[in-house]
Amino acid sequence: MKLDIFCSITPAPAQGRQPSESQVLRNFLSQCEVADELGYGTVWVAESHYSNESQKRHPQPVLPHWDGEVGLNTDVCLLAQQVFARTTRLDVGSAITNIVCNGGPIPAAERVVSTLAWHGLDPAERRRLRIGFASGRFDFVNRLTGVRPRSDWEELAWNQVKRAILWEAAEIFTRLVTGAELSSDEVAPFVLRREHFPDDERWQEVLRAADHRGDELPVPRRWPFPVTKIVPERPRRELLRLLLGSADPLLQAHLNRIAPVRVFNLSITPPHVIEQTHERMRAVYHPAGGGWRRDYMPRTTFVFLNARPGLSPEQRRAAARDEARSTLSAYWRAMDGTVDPARITTAAENALVGDADEVAEQMIARFHPRDRLMLWFDFFNHDNDRVIENMTAMMTGVVPRLVARGIPVELPDTTPAGSAR
């Protein structure tokens, strides 16, 4: 089992605390330094763009009930340099990088390759840059930077067109970042069909708006460009890992015809979907990446761990459950303005909640011994000392219990440079 941390880097008020932006960033770097010392493998960071407070004044705000800004990390490439400068073993991952906004996939590929070139100058360097990529969670970000419907029919079919945009961007990004020379003419356009729409009425409405006859409707290219290649041409690509932040099975297979592209899993996903994804990826994963492994799809889980001294086991467990309920309630209230008890219960059941004994038992029951877990300690929590306390308790309290139960846990990295890790 591989243990990573996930950090949201959000300045939004939580549990009565409202830290400054600089304090949030300092807390993050402090947590990275401790994670490195404790032996966590990767720090995964959420990416956010533009002001949530400003977008509340948009005609259709996406987070009208969220107080403050969603996050402060706008560029994993800039952030990675800060983390690498302060650590010795810790990998850096994006969760996820939006390759659609801010110019699209070409400048996104250039940023990654340039960062990789600087990062790999030391031949002894082994830390990976793990790029989870997709089109972002909030449509307003892409629209702000020019990615919006270009016609009446695209407005009608916007959900389907957004899928086409991600397909186009993902292929361009993957091919360029892995060293290809490419023009847009070499990227096949995405074609809409009846099967992409919920009902025939909407499909026919789109065809009429497009003044189109036939069973297929090609989506015009979003990024037409002449032949180009990213420079530097020869960064140490063995230090790069690519992960698609989309559950689209066809896109997962499509990108793996180009290069090894793993899958990033952030949502609370049903176990059967997790297993279906592993089964599919074993069949389609690009052979240059070797055989598919479970740890190639990292999984996020909230952690509400209480190992505080001076409390009985019952008190620790009760305190952890209370913290989980109150934190998850505040989060869902901020996300959509409501608190659905069923949603809170489901989220809590998918979280790791309790003292060291309970959390170890939950990990054994819910996860495969070869999974990679992104442990979210800073979820709606600005108490840096407490976050670090819980990160430490996981390694010093929970991990020994896992090992005692026969669950192998990867600790400080001794993997040779260039390996599949």
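The side chains of E125 and R127 meet in a salt bridge, with 2.8 Å from N to O; a salt bridge is a side-chain nitrogen of Lys or Arg within 4 Å of a carboxyl oxygen of Asp or Glu. E125 is buried, at a relative accessible area of 11%, and R127 is buried as well, at 9%. Here buried means under 20% relative accessible area, exposed means over 50%, and partly exposed lies in between (1.4 Å probe, protein chains only). The structure is a predicted model, in which local features need pLDDT of at least 70 and side-chain atom pairs count only at pLDDT 80 or more, while totals for chains, interfaces and linings use all residues. Residues are numbered from 1 along each chain as its sequence is written, and side-chain values use heavy atoms, with hydrogens and water left out.

By the salt-bridge rule, the count comes to 32 salt bridges. One of these joins the side chains of E154 and R150, again with 2.8 Å from N to O. In this pair, E154 is buried, with a relative accessible area of 1%, whereas R150 is partly exposed, with a value of 40%.

A further salt bridge is formed by the side chains of K2 and D295, at 3.8 Å from N to O. This pair links distant parts of the chain, 293 residues apart: K2 belongs to strand β1 (residues 2-7), and D295 lies in the loop between α10 (271-284) and β9 (299-305). Helices (H or I, at least four residues) and strands (E, at least two) are DSSP runs, numbered from the N terminus. Both K2 and D295 are buried. A network of salt bridges links K2, D4, R293, D295, R372 and E410.

T42 is found in strand β2 (residues 42-45) and is buried, with a relative accessible area of 0%.

The packing of helices is considered next. Two packed helices are described by the angle between their axes and the distance between the axes. Axes are lines fitted to C-alpha atoms, for helices over the stretch in contact, and angles run from 0 to 180 degrees between N-to-C directions. Helix α1 (residues 21-38) packs against helix α3 (residues 76-86) at an angle of about 45°, with the axes 9 Å apart. That angle makes α1 oblique to α3; angles under 35 degrees count as roughly parallel, over 145 as roughly antiparallel, 65 to 115 as roughly perpendicular and the rest as oblique. The contact is made by F28, L29, C32 and E33 of α1 together with L79, Q82, V83 and R86 of α3. By class, this contact has 5 nonpolar, 1 polar and 2 charged residues. Ala, Val, Leu, Ile, Met, Phe, Trp, Tyr, Cys and Pro count as nonpolar, Asp, Glu, Lys and Arg as charged, and the others, Gly among them, as polar.

Helix α13 (residues 356-366) and helix α14 (residues 384-404) pack at an angle of about 50°, and their axes are 9 Å apart. These two helices are therefore oblique to each other. In α13, A356, D357, V359, A360, M363 and I364 meet M394, G397, V398, R401 and L402 of α14. The residues of this contact divide into 8 nonpolar, 1 polar and 2 charged.

Methods
Contact = heavy atoms within 4.5 Å.
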